[in-house]
Amino acid sequence: MATKYYNQNSNQYYQQPHSSGILPLIKVVAGVVVGLAAIALLANLLHLCLRSLKDDDDAGRGGDRGSTRPQPQPPAPAAVAVEMVRSVGPLVCTYRRADGWREASCAVCLAELADGDAVRVLPACMHYFHAECVGEWLRAHRTCPLCRAPLDPTTTAA
């Protein structure tokens with residue numbers, strides 16, 4: 001923007017341009033930078049709002065926000081195993097130490113259980129042994145070889 005000056009000798013006004021054209025250029029660059037910063041700020045706010053809405057929607061599907069149908073919780077693996085064994089009778093399965101078995105040896109033969117060994121779980125007491133070892137025991141007895149609990153929970157020990 002030019003500055004107006006009054007010349008008293010000629011009794012006229014005249015305009016003198018700025019000595020440098022850099023000042024208007026700086027104003028334009030500053031305006032562009034401020035505009036881009038405002039756009040970036042609005043984009044970030046929009047992103048946060050949309051993510052918040054998505055999180056609320058996901059929580060609503062899980063039953064937290066007025067869901068009419070409760071979502072069933074998966075039972076713990078140990079609870080499932082206990083109920084399954086109790087309902088079916090002695091269960092033969094494969095031993096793997098990494099699965100969290102408490103005992104590491106067979107109480108009948110006193111040998112260590114190794115990964116991949118077939119073990120039989122007794123339903124009344126949840127004790128487990130090598131399938132072959134406890135099979136021989138069960139042919140002669142109807143109780144757990146470790147705690148003497150009856151195989152059939154309805155049968156009482158005499």
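Strand β4, residues 118-121, pairs with β5 in the antiparallel sense over three bridges; two strands count as paired if DSSP finds at least two bridges between them. Strands here are DSSP runs of E with at least two residues, helices are runs of H or I with at least four, and both are numbered from the N terminus. The model is a predicted one, in which local features need pLDDT of at least 70, side-chain atom pairs count only at pLDDT 80 or more, and totals for chains, interfaces and linings use all residues. Residues are numbered from 1 along each chain as its sequence is written, and side-chain values use heavy atoms, with hydrogens and water left out.

Let me place that pair in its sheet. The sheet is open, has three strands in the order β3-β4-β5, and is antiparallel in its pairing. β3 (91-94) and β5 (128-130) are the edge strands; each has a single partner strand, so one side of each lacks a neighbour in the sheet. On average, neighbouring strands of this sheet are turned by 35° against each other, direction ignored; the axes are lines fitted to C-alpha atoms.

Which residue in β5 is the bridge partner of V119? That partner is H130. H130 is buried, with a relative accessible area of 9%. For this term, buried means under 20% relative accessible area, exposed means over 50%, and partly exposed lies in between, with a 1.4 Å probe and protein chains only. Leaving aside neighbours within four places in sequence, H130 is in contact with several residues, among them C106, C109, L113, D117 and R120; a contact requires heavy atoms within 4.5 Å.

How many disulfides does a search of the whole structure find? The search returns zero, where a disulfide is defined as a pair of cysteine sulfur atoms within 2.5 Å. For C109, the closest cysteine sulfur is that of C133, at 3.7 Å, which is too far for a bond. For C144, the closest cysteine sulfur is in C125, at 3.5 Å, and this too is too far for a bond. Are C109 and C144 buried or partly exposed? C109 is partly exposed, at 37% relative accessible area, whereas C144 is buried, at 1%.

Next, two backbone angles. M126, in the loop between β4 and β5, has a positive phi of about 65° although it is not a glycine. M126 is partly exposed, with a relative accessible area of 22%. R148 lies in the segment after α3 (131-140) and also shows a positive phi of about 65° without being a glycine. R148 is partly exposed as well, at 47% relative accessible area.

I turn now to the whole chain. Three helices and five strands are present, and from the N terminus on they run β-β-α-α-β-β-β-α. Of the 158 residues, 16% count as buried. The accessible surface comes to about 12,300 Å², with 59% of this area belonging to carbon and sulfur atoms; the areas come from the Shrake-Rupley method with a 1.4 Å probe, and for residues only the protein chains shown count as cover. Among contacts with a separation of 6 or more, residues 24 or more positions apart account for 29%.

How values were computed:
Axes fitted to C-alpha atoms, helices over the stretch in contact; angles between N-to-C directions.
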